[in-house]
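Here's a quick tour to read with the structure open beside you. We'll take the aromatic rings, then the strands, then a spot picked out by a database record.

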Amino acid sequence: MKQEMMTIVTQRLLAPQIYEMTLTGELVKQMIVPGQFLHLKVPRADLLLRRPISINKIDHEKNECAIIYRVEGDGTDVLSQLQSGDKVDVMGPLGNGFPIEEVKEGEKILIIGGGIGIPPLYELSRQLVAKGAEIINIQGFRNRETIFFEEEFRELGEMHIATSDGSYGTEGYVCKILDTRLKDFTPDAIYACGANGMLKVVNDRFIDHPRAYLSLEARMACGMGACYACVCPKANSETDTMRVCKEGPIVATGEVAL
Ligand code: FES
């Protein structure tokens, strides 16, 4: 099992309830593929379940990685109070990650994200740009206050933002921007991460695309394929399931029932 007491380098608030934590440790060397996640133990005895948090950035030169998470309960609240120098028990990297081997220089790649599903798309974007691809990020947030990492994404390429209440960018959901932007081009590949409703839209729209991928969210316990807490039904079957933590979290469109 890949597990380590990693050291917190920095912890900062990015938006209300949204934190970025930078970690260092030997595990960073094993973080190669974008879209994988870390399973963090909350340092409080009564909180037994680890928290799965996707990797936002990998920096092999500094031997650091970053995660971005939203405080949603006691566990993430405790994590948000940790400070630089504190140690945290981390398992990972876990999950399959985004398939990017086929991406070639000059390809146009569409990346669609929503809210707290956006963090793994940053490392994905960085690696795609390093391969010479042209990326178009389309992101959805509830409102202006909840937006984070906008500048970082803009530095990498084209970027569009939609907010549900219209307080920033395009009013409405990401599909509104998709409708407009897809009039001009057909993406060579599509990657998406966000809430189920958004993934369903992307899944339906690109169901026949040979290189369209979704990163699924699921409640997890073990994070390593042993407990089946995270199973998701496969498409076109009443009995087949997949473990999001082990066979996922990344699936091709059309693979699971959303
Ligand atoms: Fe245990 Fe996925 S969380 S099998």
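Searching the whole structure turns up 7 aromatic pairs. Keep in mind that this is a predicted model.

**Aromatic rings**

- One of the pairs is Y122 with F149, an edge-to-face arrangement with 4.9 Å centre to centre and 85° between the planes.
- That pair ties together distant parts of the chain: Y122 belongs to helix α2, while F149 is in the loop between β8 (134-141) and α3 (150-154), 27 residues apart.
- Y122 has a relative accessibility of 8%, so it counts as buried.
- F149 is buried too, with a relative accessible area of 8%.
- F141 and F148 make another pair: their ring centres are 5.8 Å apart and their planes sit at 85°, so this one is edge-to-face.
- Both F141 and F148 are buried.
- Over at F98, Y191 and Y213, ring pairs join the residues into a cluster.
- There's also a charge to look at: K108 lies over the face of F185, 5.6 Å from the ring centre.

**Barrel and helix**

- Six strands make a closed barrel in the order β1-β2-β5-β4-β3-β6, and the pairing is antiparallel.
- On average, neighbouring strands of this sheet are turned by 45° against each other, ignoring direction.
- Strand β3 (residues 37-40) pairs with strand β6 (residues 87-94) in the antiparallel sense, over 3 bridges.
- Helix α2 (residues 119-130) lies across β4 (51-59) and β5 (64-70), and runs at about 25° to β4.

**The cysteine spot**

- UniProt, in an unreviewed entry, puts the feature "binding site" at C222, C227, C230 and C245.
- These residues span 24 residues in sequence, yet no two of their C-alpha atoms are more than 10.2 Å apart, so they gather at one spot.
- C222 sits in the loop between β12 (212-215) and β13 (231-233), and C227 is in the loop between β12 and β13 as well.
- Buried or exposed? For C222, the relative accessibility is 18%, so it counts as buried.
- C227 comes in at 38% relative accessibility, so it counts as partly exposed.
- Setting aside neighbours within four places in sequence, C222 is in contact with H39, M91 and C227.

Conventions
Residues numbered from 1 in each chain as written. Predicted model: local features only at pLDDT ≥ 70, side-chain atom pairs only at ≥ 80, totals over all residues. Heavy atoms only, no water. Pairing = 2+ DSSP bridges. Helix = DSSP H or I, 4+ residues; strand = E, 2+ residues; numbered from the N terminus. Axes fitted to C-alpha atoms, helices over the stretch in contact; angles between N-to-C directions. Contact = heavy atoms within 4.5 Å. Phe/Tyr/Trp six-rings, centres within 6.5 Å; stacked < 30°, edge-to-face > 60°. Buried < 20%, exposed > 50% of the residue type's maximum accessible area, 1.4 Å probe, protein only. Lys NZ or Arg CZ within 6 Å of the ring centre and 35° of its normal. UniProt positions renumbered as here; feature names shortened; annotations may be inferred.
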